[in-house]
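Here is a briefing on one predicted model. Look at the sequence and the structure first, then read the points by topic.

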Amino acid sequence: MVLAVFAYLAVCWTSVHHVTVTLSVHTVIGPALHQFNRHDLCCAKPGCFYRPKAMACYRTVLTSMLLLMAGVEPNPGPQLMFGLLNARSIVTKGPLIHDIIISEMLDIVCVSETWITGSDPDFPECRPIQDDIVPDGYRILHTPRNQVSTNRGGGLCVDNRDNINVRSYKLQNYVMPQSFELQLLLMSPAGEPSVVIANIYKPPKSSKLQFLDELSDLLTLCGNFIGKDKFILCGDFNCPSDDSQTEIDSALQSVFDIHGLTQHVRTPTRVTPTVSNILDLIVTSSSHPSCISRVNVSDSKGISDHD
């Protein structure tokens with residue numbers, strides 16, 4: 001997931017398990033340069049990337065040559081904790097979700113199956129959620145489920161710290177899939193380039209063929225507007241493999257392959273006495289595989305059985 005936004009991302013979902021993903025994307029001076037005066041290696045305030053000064057001087061020439069000779073290497077950079085949660089109703093689980101956000105130190109969490117209906121942000125069911133699952137210093141953005149639906153389930157939202165600007169992405173109004181729910185978000189961490197997040201939820205009984213077609217269309221559309229290093233696809237895909245506990249549906253994997261994407265979760269995210277499979281996915285560009293260096297799946301805290 002090459003994001004050019006942050007170097008570390010911990011993805012923690014709590015459907016039945018949570019996952020931690022570590023990325024590296026920034027650049028710093030190689031160790032061979034550490035012996036030189038730090039003043040010679042900086043061009044502005046501490047923390048800025050090196051940029052040659054407009055006026056030629058020996059320090060500019062020396063630093064540029066040293067950078068070319070010594071090379072660059074990944075920088076762990078700042079940390080951003082990113083959560084992915086299948087809640088199966090956040091209305092009744094506010095305190096538990098609030099505790100997860102605080103204990104896991106999440107900066108942003110994408111939620112599926114909120115079970116919230118209605119498009120009005122002041123919809124009565126939303127008010128206790130604002131109080132229960134949004135800690136001080138956080139905000140919430142809902143994409144409610146369809147009001148005409150007769151089935152329970154569905155609904156998406158994102159909960160994020162105030163210092164991370166998250167808003168609906170411009171393509172949201174132009175993409176209306178029928179086989180899955182979609183929340184397109186533009187995430188802008190302070191002082192960093194923006195990243196588009198596609199948070200989705202596919203109901204278990206939704207047509208797989210229609211889902212694959214519509215997902216492929218979404219990826220094609222996003223690819224026309226968004227750099228692959230600035231895109232995260234995540235959510236509850238409900239497309240497990242029939243043959244393996246550590247793989248996803250082969251047809252879904254083919255869609256990712258065609259679009260040059262990599263699915264990073266290799267451990268089951270839903271485990272019951274009779275079923276063990278991967279339902280919750282983190283998907284990013286295949287052209288930047290080194291950006292994710294760690295994925296951990298751990299027990300949740302009883303928020304969802306993920307049925």
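R139 counts as partly exposed because its relative accessibility is 36%; partly exposed is the range between buried (under 20% relative accessible area) and exposed (over 50%), with a 1.4 Å probe and protein chains only. R139 forms a salt bridge with D162, and the closest N and O atoms are 3.4 Å apart. A salt bridge here is a side-chain nitrogen of Lys or Arg within 4 Å of a carboxyl oxygen of Asp or Glu. The model is predicted: local features need pLDDT of at least 70, side-chain atom pairs count only at pLDDT 80 or more, and totals for chains, interfaces and linings use all residues. Residues are numbered from 1 along each chain as its sequence is written, and side-chain values use heavy atoms, with hydrogens and water left out.

**Salt bridges**

- The structure holds three salt bridges.
- The R139 and D162 pair links distant parts of the chain, 23 residues apart. R139 sits in strand β7 (residues 138–143), and D162 in the loop between β8 and β9 (164–168). Helices (H or I, at least four residues) and strands (E, at least two) are DSSP runs, numbered from the N terminus.
- D162 is partly exposed, at a relative accessible area of 41%.
- R161 and D107 meet through their side chains in a salt bridge, 2.4 Å from N to O. R161 lies in strand β8 (residues 156–161) and D107 in the loop between α2 and β6 (108–112), so this pair ties together parts 54 residues apart in sequence.
- R161 is partly exposed at 26% relative accessibility, whereas D107 is buried at 11%.
- K208 forms a salt bridge with D249, with 2.9 Å between the closest N and O atoms. K208 is in helix α4 and D249 in the loop between β12 and α5 (250–258), 41 residues apart.
- D249 counts as buried, at 7% relative accessibility. K208 counts as partly exposed, at 35%.
- Side chains of opposite charge can pair when their charged atoms come close.

**The six-stranded sheet**

- An open sheet of six strands runs in the order β9-β10-β11-β12-β16-β13, with mixed pairing. Two strands pair if DSSP finds at least two bridges between them.
- Which strands stand at the edges? They are β9 and β13 (261–263), each with a single partner strand, so one side of each is left without a neighbour in the sheet.
- From one strand to the next, the twist averages 25°. Axes are lines fitted to C-alpha atoms, for helices over the stretch in contact, and angles run from 0 to 180 degrees between N-to-C directions.
- β9 pairs with strand β10 (residues 181–189) in the antiparallel sense, over five bridges. N165 stands opposite S188 in β10.

- Strand β12 (residues 231–236) is mostly covered, with six of its six residues buried.
- F231, L233 and G235 point one way from β12, while I232, C234 and D236 point the other way.
- Strand β11 (residues 195–201) runs parallel to β12 and is joined to β12 by six bridges. I200 stands opposite G235 in β12.
- From β11 the chain passes through helix α4 (residues 208–225) to β12 in a right-handed β-α-β crossover. Right-handed means that, with the strands pointing away from the viewer, the path from the first strand over the helix to the second runs clockwise.
- Strand β16 (residues 280–285) pairs with β12 in the antiparallel sense over four bridges. V283 in β16 is the bridge partner of L233.

**Helices across the sheet**

- α4 lies across β10, β11, β12 and β13, and runs at about 160° to β12.
- α5 lies across β12, β13 and β16, and runs at about 140° to β13.
- L221 lies in helix α4 and is partly exposed, with a relative accessible area of 25%.
- L221 touches L171 and V175, not counting residues up to four places away in sequence. Contact means heavy atoms within 4.5 Å.
- L221 and V175 are 46 residues apart in sequence, and 8.9 Å apart in space from C-alpha to C-alpha.

**Helix α2**

- G94, I97, I100 and I101 are the buried residues of helix α2 (residues 94–103).
- Seen down the axis of α2, these buried residues fall within an arc of 125°, so they line one face of the helix. The arc is that of the directions from the helix axis to the C-beta atoms.
- M105 follows α2 and has a positive phi, near 55°.
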